[in-house]
Amino acid sequence: MFLPHELIIQILLRLPVKSLIRFKSVCKLWFSLISHDSHFANSHFQLTTNRRILLISPSESLSIDFEASLDDDSACVSLNPDSIFPQYFQNFYITGSCRGFILICCSLNIFIWQPSTGDHKHIPLSPFGSNLDAAYFYGFGYEDSTDDYLVVSMSQHGYSDDSPLHLEYFSLKANTWKVVEGLHSPYTLDDDPRESGDIIGSNDGVGLVKYDENGQFLEQHSYSNYDLSLQVTMYIDSMLSLPSDGDNEED
C-alpha cells in the first residue's frame with residue numbers, strides 16, 4: 001500500500017525519539033529527514049508530550065519516563081555520559097534544561113548535552129577572563145526571535161553588598177561570548193539558588209520522590225542504601241540539534 005509522503009511525515013512526527021532513531025536506517029530519505037531536517041525536528045518538538053527525568057549519580061545515569069511509575073523498570077533507559085566527557089563526569093553538576101538540552105558545569109568548563117540523541121558541545125572558555133576565586137552561576141535558555149540558545153554566566157567577586165558582578169552570555173549560533181555592560185545589582189548571590197521544586201526531586205541523595213501539581217506526595221523509589229549525591233532534572237524528549245559553530249554568525 002502506497003502512503004503519500006506528507007502522511008508519512010505526519011506519522012513520524014508523532015513517534016517517540018527512540019523509534020525515530022531506529023527508523024533512520026529504513027531508507028536514505030528517512031535518514032535525511034530525521035537527522036538533518038530542522039523543520040521536522042522543530043515540528044516534532046512542538047507535538048511531543050514526552051517528559052523525562054534525568055537522574056545522574058556516580059554509579060548510574062538513567063532517563064526515566066515521567067508519566068510512568070518510579071518502580072517500572074521498563075520506563076528507565078541507561079545513559080552513558082561519562083563516555084562523552086569522562087574527565088569531568090565525577091565532578092560536574094546539572095545547572096538546568098531547555099528544549100531537551102541539559103546544561104552541565106564543572107568548575108569553569110561548560111557543556112550542553114542532549115540525552116535523547118547524544119548531541120553535545122563543550123562551550124569554549126570566555127576570552128574576557130576567568131577568576132577561580134569568584135562565585136559563578138549559570139543559566140541556559142532559548143531566544144525564539146533569533147532561534148538561538150544562550151548560556152548566561154554571572155560571577156561575583158566577593159560576597160559583600162557592593163561586590164562587583166560580571167555578566168556575559170554565549171551565543172551558540174554566533175559561537176562567541178559577549179559581555180553585558182552596566183550591570184548593577186543591590187543583591188548578593190546565594191551559594192545554592194537551585195531547588196528541586198514540587199514535582200520531582202531527590203530523596204536525601206539516594207532516590208527519587210514524586211509529587212503531583214498540588215505538592216501532594218505520590219511515590220518514591222530508592223536506588224542505593226548510601227548517599228550517592230543524586231542529581232535530578234526534567235527534560236523534554238526531542239530530536240532538536242544544536243546550531244553548528246558560527247551558524248549565521250553575528251556582526
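Visitor: Which residues form one aromatic cluster?

Guide: Phe101, Phe140, Tyr142 and Tyr149 do. This is a predicted model, in which local features need pLDDT of at least 70, side-chain atom pairs count only at pLDDT 80 or more, and totals for chains, interfaces and linings use all residues. Residues are numbered from 1 along each chain as its sequence is written, and side-chain values use heavy atoms, with hydrogens and water left out.

Visitor: What makes phenylalanine 101 and tyrosine 149 an aromatic pair, and of which kind?

Guide: Rings of Phe, Tyr and Trp (its six-membered ring) pair if their centres lie within 6.5 Å; planes under 30 degrees apart count as stacked, over 60 as edge-to-face and the rest as tilted. Five aromatic pairs are counted by this rule. For phenylalanine 101 and tyrosine 149 the values are 5.2 Å centre to centre and 75° between the planes, hence a pair that is edge-to-face. Phenylalanine 101 lies in strand β5 (residues 101-106) and tyrosine 149 in strand β9 (residues 148-156), so the pair ties together parts 48 residues apart in sequence. Strands (E, at least two residues) are DSSP runs, numbered from the N terminus.

Visitor: Why is phenylalanine 101 called buried?

Guide: Buried means under 20% relative accessible area, exposed over 50%, partly exposed in between (1.4 Å probe, protein chains only). Phenylalanine 101 has 0% relative accessibility, so it counts as buried. Tyrosine 149, at 3%, is buried too.

Visitor: Why does proline 16 count as partly exposed?

Guide: Because its relative accessibility is 39%.

Visitor: How do you know that the charged end of arginine 99 sits over the ring of tyrosine 142?

Guide: The rule asks for NZ of Lys or CZ of Arg within 6 Å of the ring centre and within 35 degrees of the ring normal. The charged end of arginine 99 sits over the ring of tyrosine 142, 3.8 Å from its centre.

Key. Helices (H or I, at least four residues) and strands (E, at least two) are DSSP runs, numbered from the N terminus.
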